[in-house]
Amino acid sequence: GDSVTQMEGPVTLSEEAFLTINCTYTATGYPSLFWYVQYPGEGLQLLLKATKADDKGSNKGFEATYRKETTSFHLEKGSVQVSDSAVYFCALRRAGNMLTFGGGTRLMVKP
Amino acid sequence: DTAVSQTPKYLVTQMGNDKSIKCEQNLGHDTMYWYKQDSKKFLKIMFSYNNKELIINETVPNRFSPKSPDKAHLNLHINSLELGDSAVYFCATAGEGTLTDTQYFGPGTRLTVL
């Protein structure tokens, strides 16, 4: 079945450091791909998405490119802030508009 | 106005009890979901409803019974609670057409079974 694999956290960075969170997927066809973010004590929010190969999703300085050749959708940000500290989830959309999530990666940014 | 709301936010109860969690959305979406997030933050879909009808039940024990009295509400009733039911439960919604790509999540209900 479909699955999503993310790098395990926590990822601890200093403010203004470069961020990469790896995400790879296994799926039939070319599903839409997403990054959701969960701030402490809150529900998940959509951060960005890409619906087809080579699409780049971007939002709030975060970017991810849909790479079908490597079945990857890595999340990047050039300069993280303390306010980016959260748990990040990679997900794919499968039949029935169901989301399959990766295990989540906790990011901690220190001043 | 909160788009997707859940009550209660916290729920502490004893094993064997029956409890309900409520979800309400004001987005006018047709599809609603329940997810379970365990202590390691792993998220798994439980149910999907469309227009008050159950679409998907992801092999959830029949102690869990979702009920949708109308399009804006999807409640989760849990019978005979077990320790392993302790988790955070999230309600989510999705619209139609191109909007179905994005799901909107509620703030979660933290259930603790003692």
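**Notes on the predicted model**

1. A search of the whole structure, which is a predicted model, finds 6 salt bridges over all chains. In chain A, one of them joins A:Lys52 to A:Asp55, with the closest N and O atoms 3.3 Å apart. Another is formed by A:Asp84 with A:Lys77, where the closest N and O atoms are 2.8 Å apart.

2. B:Arg63 is buried, with a relative accessible area of 14%, and B:Asp85 counts as buried at 3% relative accessibility.

3. What is the count of salt bridges between chain B and chain A? The count between these two chains is 0, while the count of residue pairs in polar contact between them, both at pLDDT 80 or more, is 2. The elements of chain B that give two or more residues to the side touching chain A are strand 4, strand 5 (43-50), strand 9 (87-94) and strand 10 (103-105). Sorted by class, that side of chain B has 10 nonpolar, 6 polar and 5 charged residues.

4. As to the extent of the interface, 21 residues of chain B are in contact with 22 residues of chain A. The area buried between the two chains is about 1700 Å², and carbon and sulfur atoms give 51% of that area.

5. A search of the whole structure finds 12 aromatic pairs over all chains. Among them is the pair of A:Tyr36 and B:Phe105, whose ring centres are 5.6 Å apart and whose planes stand at 75°, so the pair is edge-to-face. Because A:Tyr36 lies in strand 5 (residues 33-38) of chain A and B:Phe105 in strand 10 of chain B, this pair joins two chains. Both A:Tyr36 and B:Phe105 are buried.

6. B:Phe105 also pairs with A:Phe101, and here the ring centres are 6.2 Å apart with the planes at 70°, so this pair is edge-to-face too. A:Phe101 lies in strand 11 (residues 98-101) of chain A and B:Phe105 in strand 10 of chain B, so this pair likewise joins two chains. Both A:Phe101 and B:Phe105 are buried. Ring pairs link these residues into a cluster that comprises A:Phe34, A:Tyr36, A:Phe89, A:Phe101, B:Tyr33, B:Tyr35, B:Phe90 and B:Phe105.

7. Is B:His29 buried or exposed? With a relative accessibility of 10%, B:His29 counts as buried. Its side chain makes a polar contact of 2.8 Å with the side chain of B:Thr93. Not counting residues up to four places away in sequence, B:His29 touches B:Lys71, B:Thr93, B:Ala94, B:Gly95 and B:Tyr104.

8. In chain A, A:Ala50 lies in strand 6 (residues 44-50) and is buried, with a relative accessible area of 2%. Leaving aside neighbours within four places in sequence, A:Ala50 is in contact with A:Ser32, A:Leu33, A:Asp55, A:Gly57, A:Tyr66 and A:Phe73. One of these residues, A:Asp55, is the salt-bridge partner of A:Lys52. The C-alpha atoms of A:Ala50 and A:Gln6, which are 44 residues apart along the chain, are separated by 17 Å.

Note on methods. Residues are numbered from 1 along each chain as its sequence is written. Chains are lettered from A and ligands numbered from 1 in the order in which they are written. Side-chain values use heavy atoms; hydrogens and water are left out. Buried means under 20% relative accessible area, exposed over 50%, partly exposed in between (1.4 Å probe, protein chains only). A polar contact is a pair of N or O atoms within 3.5 Å; within protein, one must be able to donate a hydrogen and the other to accept it, and residues adjacent in sequence count only if both atoms are side-chain atoms. Contact means heavy atoms within 4.5 Å. Buried area is the accessible area (1.4 Å probe) that two parts lose on being put together, summed over both. A salt bridge is a side-chain nitrogen of Lys or Arg within 4 Å of a carboxyl oxygen of Asp or Glu. Helices (H or I, at least four residues) and strands (E, at least two) are DSSP runs, numbered from the N terminus. Ala, Val, Leu, Ile, Met, Phe, Trp, Tyr, Cys and Pro count as nonpolar, Asp, Glu, Lys and Arg as charged, and the others, Gly among them, as polar. Rings of Phe, Tyr and Trp (its six-membered ring) pair if their centres lie within 6.5 Å; planes under 30 degrees apart count as stacked, over 60 as edge-to-face and the rest as tilted.
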